[in-house]
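Subject: Structure handover

Hi,

Here is the structure I promised to pass on. My notes on it follow below.

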Amino acid sequence: MAVGRRPGSYVCGVDAAMDVIGGKWKVLILWALHVRPHRFGELRRELPGVTEKVLAAQLRELEADGIVHREVYEEVPPRVEYSLTPRGETLNEALAPLGAWGKANVLAEPVRAEPVRAASVPAEPPLPAAPRA
C-alpha cells in the first residue's frame, strides 16, 4: 500500500493530508462512501458533474493511498464495489469538523463581519529570547 505521493517533502501533517484528499472530487467520494459501499455507476450518479475518467482516476489514487477498498466480485456481469478502509473511516472522522465548519460558516445565513480597526490589530509578537548558557 503506497501512502503519499511525495514522501519526505511534506512540511506538516496538514500538507500530507491535503495531498491525499486534494482534488475536487475526493472529499465528496469519501462522504458518499461513508454512508455505504457504492458501485462505480452509483458514485457517478451521486456526484453530478464528475466525468467517468476523473472518477476512475480519483478512486485509483484513493485506493493507492489505502483510503478506499475496491472489491471485485466474480460474477457475470462483473461487479465492483468501493468502500472505505479503516484508514478511510478515520480520514472521514477527521473531515467531520471541517464539514461542520462549512455548514455553520458558509452554508448558513451570511453574518456581517465587524470592521477591524488598525488600533485593534495586535502587533507582531516579540522574538523569543536567546537561551542563556
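Glu-81 is partly exposed, with a relative accessible area of 21%. This is a predicted model, so please read every value here as computed from it. The side chain of Glu-81 meets that of Arg-79 in a salt bridge, at 3.3 Å from N to O. Arg-79 also pairs with Glu-75, at 3.1 Å from N to O. Because they share partners, these salt bridges join Glu-75, Arg-79 and Glu-81 into one network. Glu-75 counts as partly exposed, because its relative accessibility is 38%.

Another salt bridge links the side chains of Glu-42 and Arg-36, at 3.6 Å from N to O. Both ends are partly exposed: Glu-42 has a relative accessibility of 25%, and Arg-36 has a relative accessible area of 39%. A search of the whole structure gives five salt bridges.

Overall layout

The chain has 133 residues, and 25% of them are buried. There are five helices and three strands. Along the sequence they run α-α-β-α-α-β-β-α. The accessible surface is about 10,100 Å². Carbon and sulfur atoms account for 61% of that surface. Take the contacts in the chain with a separation of 6 or more: 48% of them are between residues 24 or more positions apart.

The core

Which residues touch the most other members of the largest nonpolar core? They are Ile-29 and Val-68, in a core of 20 residues. Helices H1 (13-21), H2, H4 (52-64) and H5, together with strand E3 (79-84), each supply at least two residues. H2 gives the most, with four residues. As a general point, nonpolar side chains in soluble globular proteins tend to be buried together.

H2 spans residues 26-35. Its buried residues are Lys-26, Ile-29, Leu-30, Ala-32 and Leu-33. Where do they sit around the helix? Seen down the axis of H2, they fall within an arc of 165°, so they line one face.

Ile-29 is worth a look on screen. Beyond its neighbours within four places in sequence, Ile-29 is in contact with Leu-47, Leu-55, Gln-58, Leu-59 and Leu-62.

Around H1

The buried residues of H1 are Asp-19, Val-20 and Ile-21. Their cover includes H2, H4 and H5. After H1 comes Gly-23, with a positive phi near 120°.

Trp-25 lies in the loop between H1 and H2. Is Trp-25 buried or exposed? Trp-25 is buried, because its relative accessible area is 12% and the cut-off for buried is under 20%. Setting aside residues up to four places away in sequence, Trp-25 touches Leu-47, Pro-48, Gly-49, Val-50, Val-54 and Gln-58. Leu-47 and Gln-58 are also among the contacts of Ile-29. Trp-25 and Leu-59 are 34 residues apart in sequence. In space, their C-alpha atoms are 9.5 Å apart.

Two residues in H5

Helix H5 covers residues 86-107. Asn-92 has its place in this helix. Asn-92 counts as buried, at 2% relative accessibility. Leaving out residues up to four places away in sequence, Asn-92 touches Leu-30, Trp-31, His-34 and Leu-84. Leu-30 is one of the buried residues of H2.

Leu-107 is also found in H5. Leu-107 counts as exposed, because its relative accessibility is 70% and the cut-off for exposed is over 50%.

Best wishes

Notes. Residues numbered from 1 in each chain as written. Predicted model: local features only at pLDDT ≥ 70, side-chain atom pairs only at ≥ 80, totals over all residues. Heavy atoms only, no water. Buried < 20%, exposed > 50% of the residue type's maximum accessible area, 1.4 Å probe, protein only. Arc of directions from axis to C-beta. Core = buried A, V, L, I, M, F, W, Y, C linked by side-chain atoms within 4.5 Å. Contact = heavy atoms within 4.5 Å. Areas by Shrake-Rupley, 256 points an atom, 1.4 Å probe, with all protein chains shown as cover. Salt bridge = Lys/Arg side-chain N within 4 Å of Asp/Glu carboxyl O.
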